[in-house]
Amino acid sequence: DETAFINSLKNVWNQCKKCDAVHSMLHNYFENVNNPYEAALSLVRRCPDYKPSRSGSLAFTVIEQFAVWLQPRQQEYMNCLNNEVKYEAFQVASRQRNKELSDIVVRIYKLKEAQKLFLQPLRDLIKLNMYKEACEWTKLLNLEKEFNIFDFLIPLLLQDRLSVVDYFLSTSPEHHLELVKYLDKMLAEKSLPNFVNKLVVDLDVPGVKMNTISKFSHVKTLSKYLKKVLTLHKISPEVTPNLSQKNSLNIVHFLVHKRYVQDDLGQQGFRELIADACGEDREIQKQLVLRLSEAGDPKEGLYWAKRYKLQLSEMPFTVRELYRGAELWIDENDSINSSASNNGETWWDAPPNDSQYHMLELPPSSIIVIDTPNALSDLIVSALDGATVVGVDAEWKPTMVSSSTEISLLQLATRHYVYLVDVIALARYSDLWSNLTEVLFSNHNILKLGFSIKSDVAMLSHYLRFENCDLPSMGFLDLSCLWNKLVKDYNFEFPFSENENCSSGSLSQLVALCLGRPLNKTEQFSNWEIRPLRMSQKIYAALDAYCLIEVYDVILRICNERCLPLYEIIQTIMNSGPQKNKGKKSKPKTKNPITSMVNRDAPVSVSWLRVLCEGNLHPLARKLRRCGVNTLILPVESSHDYMVSMATDEQRILVVTNNTYYKVVNRLPSDHCYKVESALWEEEMIGILNYYNVLVKNEDIMSRCQWCNETNMVIIDKQRIISYLNTRATTSAACNAIPAGYEVYSDNEYEFEDEWDYAVPHYSVKNNYQDVLCTPKGTRIMVENIPEDVINSVVNFKVCNLCGRCYWDKGYFDKVLGSLNSICSHHKLIGIPII
């Protein structure tokens with residue numbers, strides 16, 4: 001009697017749960033029934049914890065023990081397993097919502113052999129909006145080809161069940177391609193939020209939260225997920241042209257920022273990387289020229305316009321004007337011919353011998369390029385001429401502009417030579433790399449110097465075959481660890497003071513401390529895959545390795561003078577292994593205001609506050625700039641690691657949204673991260689100023705350009721503007737004259753959501769180019785679209801001396817001052833002298 005048995009089973013279960021007595025009862029029961037397949041399912045249905053069941057439940061134990069009992073008896077009871085029983089097994093298991101139980105049922109009831117039987121039940125699950133269950137069972141039954149991405153994958157994405165989607169895609173290549181193509185098509189939508197909302201309605205997906213809609217309505221989030229799918233399933237980027245274009249545009253914006261804001265990317269490296277990013281895409285090429293024009297360098301914009309053979313109608317105003325008068329000022333050597341070589345240096349001069357940077361003392365003949373098997377073999381045979389100390393460094397193409405992270409160049413420096421090993425040319429010669437490992441890297445008698453060397457060795461391990469090596473035992477010394485140890489434990493004093501322009505804990509800072517001047521890092525971010533390397537690249541690469549020996553020699557000399565046991569210290573470091581945050585803790589405290597706690601007792605000046613805003617906080621950044629606050633804006637694509645790194649290196653307070661705040665706040669010092677909780681930008685601006693106790697003075701208001709963050713502002717009177725406009729017709733250029741209280745967003749900012757808010761250098765127009773109204777620095781003043789009534793009513797206009805954008809509306813200045821009456825020292829604007 002089944003009823004009597006289930007009651008007895010419950011009593012035993014309540015006493016000992018999963019125990020031999022329960023297992024024995026179940027096995028005996030299965031032995032004495034006509035159809036054990038049906039009996040097992042019936043028992044499961046009658047279990048008190050049937051729906052849904054956990055792995056420790058009685059229902060699960062029944063199926064688990066039935067599988068154990070059935071294992072040696074499958075052939076004996078095969079005639080009991082028909083489609084009706086299989087259908088019942090599916091009904092029982094699908095109600096459990098227990099994947100482990102479902103796996104067992106599919107296996108022992110052989111559901112895959114009758115998979116077509118379950119198509120209609122799966123479609124019924126979809127109609128009931130049970131997308132997760134339908135997805136999991138489709139995969140269990142190998143029925144992936146019977147469904148498309150709109151049946152449950154897109155609804156699951158909209159419900160933010162990404163793990164379920166990833167689980168399904170892991171064994172369905174057809175759906176990989178279909179999904180990434182559809183998501184890539186979404187990126188091309190002009191209004192992604194409207195598209196996503198319409199998709200939710202059309203598919204009638206329940207339970208979609210607003211934050212999920214917001215997530216997939218954002219280009220950044222959608223692109224990030226699409227990149228994840230491409231990487232995880234090794235799909236070619238060729239199938240996602242819209243994503244590729246947006247990635248390339250991001251790279252262009254990033255490179256323009258590095259060139260014109262950070263000023264740490266040379267023209268040669270800039271042009272190489274830009275050419276690689278733009279490729280043959282016409283839209284990206286036009287955006288590049290527009291960005292360069294907005295960055296205040298129309299001459300560079302004209303170079304690229306000519307190189308890409310843009311039509312006049314495709315060029316921005318400043319570039320068109322220069323094109324029309326190009327013959328007046330372009331030098332013969334400054335060719336704009338599209339046939340100019342990227343690799344030649346006929347008119348790209350090598351970096352000047354600038355006295356502010358540490359220079360390579362070795363002659364050029366001491367830099368030896370190893371790019372053939374014979375040359376590498378000779379280097380191995382020579383064993384680096386018996387060197388006992390070798391500086392080791394490596395270069396690769398920046399990951400921001402390359403999906404590849406393979407090493408391009410290996411630098412090995414001795415006291416008299418620097419060997420530049422071309423890894424790209426020699427990568428396939430595995431025997432030679434093994435020999436080099438044995439002669440140099442595995443030779444503990446040669447001290448190998450590096451700086452944060454673990455990343456370089458990780459890159460090299462692919463070629464050198466020592467992925468699991470013990471670096472200290474192989475004679476590697478990380479100078480960043482030595483720096484940290486000497487300062488922390490031995491009160492070590494370097495011969496020179498810190499360089500305020502160098503990042504804390506960087507190699508350039510250590511070189512400045514030891515040798516008096518920092519490294520010139522403009523070639524660091526360049527295309528190291530281009531061959532042949534430029535001379536400036538060779539010098540940079542050689543110096544990066546050679547300076548390690550120079551730094552080591554200085555430390556050795558000082559230790560000898562102070563009788564410090566350097567070799568014992570080195571041995572301690574090697575025995576203790578690598579340390580985290582190498583070098584950064586060793587930097588002595590400075591008077592930089594950001595490194596101090598907020599001063600609650602006395603207010604600080606606007607110049608104290610240096611802010612770094614998250615990419616979607618453009619409006620807040622503009623308002624802070626209007627109060628004179630030095631504010632930079634991150635790209636929307638920025639990772640949390642990059643945000644923290646940038647805030648630390650730039651010594652700025654990171655201002656982020658609520659979601660980002662909790663992911664970065666613990667990685668920054670106290671008060672170095674500020675959370676924005678609303679889109680009421682005026683209130684948030686006042687909140688920041690109040691929190692950091694910043695006193696905004698009258699002269700701070702509008703002391704910075706809201707567009708480019710520069711402080712170089714001048715005043716022009718309206719008569720100069722009227723005289724200029726009377727001499728030429730008004731153009732159709734985009735409006736670049738900005739009322740002081742007006743929030744400005746270019747079409748590119750809205751469409752791509754990733755624009756760097758960059759400071760722009762001036763570009764001096766030659767004196768014989770007379771038909772453009774310029775600032776004292778020679779930047780064209782963008783006045784064409786100032787409304788006529790504004791020109792007649794406003795006496796003076798404030799103009800950025802560097803980017804040429806105009807601001808007006810004296811009443812707004814008073815408004816800002818009035819809104820800050822709790823932190824301002826005055827309430828009326830004092831007249832600014834006309835320049």
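Biologist: Which cysteines form a disulfide?
Modeller: Cys16 and Cys19, with their sulfur atoms 2.1 Å apart. Keep in mind that this is a predicted model.

Biologist: And how many disulfides does the structure hold?
Modeller: The count is 1.

Biologist: What about Cys80 and Cys613?
Modeller: Cys80 is buried, with a relative accessible area of 13%. Cys613 is buried too, and its value is 0%.

Biologist: OK, zooming out. How many helices and strands are in the protein chain?
Modeller: You're looking at 35 helices and 16 strands. The chain has 835 residues, and buried ones make up 53% of them. Among the contacts with a separation of 6 or more, 69% come from residues 24 or more positions apart.

Biologist: Take me to a sheet. In what order do the 6 strands of the open one come?
Modeller: The order is β1-β4-β3-β2-β5-β6, and the pairing is mixed. At the edges stand β1 (367–370) and β6 (476–478), each with a single partner strand, so one side of each has no neighbour in the sheet. On average, neighbouring strands there are turned by 25 degrees against each other, ignoring direction.

Biologist: How many residues of β3 are buried?
Modeller: 7 of the 7, so β3 is largely enclosed by the rest of the structure.

Biologist: Then where does the parallel part come in?
Modeller: Look at β5 (residues 447–450) and β6, which pair in the parallel sense over 3 bridges. Lys448 stands opposite Phe476 in β6. In general, strands of a sheet pair through backbone hydrogen bonds, either parallel or antiparallel.

Biologist: Which strands does helix α22 lie across?
Modeller: Helix α22 (residues 430–441) lies across β2 (389–396), β3 (407–413), β4 (418–422), β5 and β6. It runs at about 35 degrees to β3.

Biologist: Switching to helix packing. At what angle do α18 and α19 pack?
Modeller: About 75 degrees, with the axes 9 Å apart; α18 covers residues 298–307 and α19 covers 317–324. That makes the two helices roughly perpendicular to each other.

Biologist: Which residues meet there?
Modeller: From α18 you have Pro298, Lys299, Gly301, Leu302, Ala305 and Lys306, and they meet Thr318, Val319, Leu322 and Tyr323 in α19. By type, that contact divides into 6 nonpolar, 2 polar and 2 charged residues.

Biologist: Which way do the side chains of β11 point?
Modeller: Cys673 and Lys675 point one way, Tyr674 and Val676 the other, and all are buried. In a regular strand the side chains alternate between the two faces of the sheet. As for pairing, β10 (residues 653–657) and β11 go together in the parallel sense over 4 bridges. Thr657 stands opposite Val676 in β11.

Biologist: Which residues does a cis peptide bond join?
Modeller: Arg531 and Pro532, with omega about -5 degrees. Pro532 is in the loop between α25 and α26 (535–562).

Biologist: Last one: is Asn491 buried or exposed?
Modeller: Exposed, at 56% relative accessibility. Asn491 is in the loop between α24 (479–490) and α25 (507–515). Setting aside neighbours within four places in sequence, Asn491 is in contact with Leu486 and Arg562.

Key. Residues numbered from 1 in each chain as written. Predicted model: local features only at pLDDT ≥ 70, side-chain atom pairs only at ≥ 80, totals over all residues. Heavy atoms only, no water. Axes fitted to C-alpha atoms, helices over the stretch in contact; angles between N-to-C directions. Parallel < 35°, antiparallel > 145°, perpendicular 65-115°, else oblique. Contact = heavy atoms within 4.5 Å. Nonpolar A, V, L, I, M, F, W, Y, C, P; charged D, E, K, R; others polar. Pairing = 2+ DSSP bridges. Disulfide = S-S within 2.5 Å. Buried < 20%, exposed > 50% of the residue type's maximum accessible area, 1.4 Å probe, protein only.
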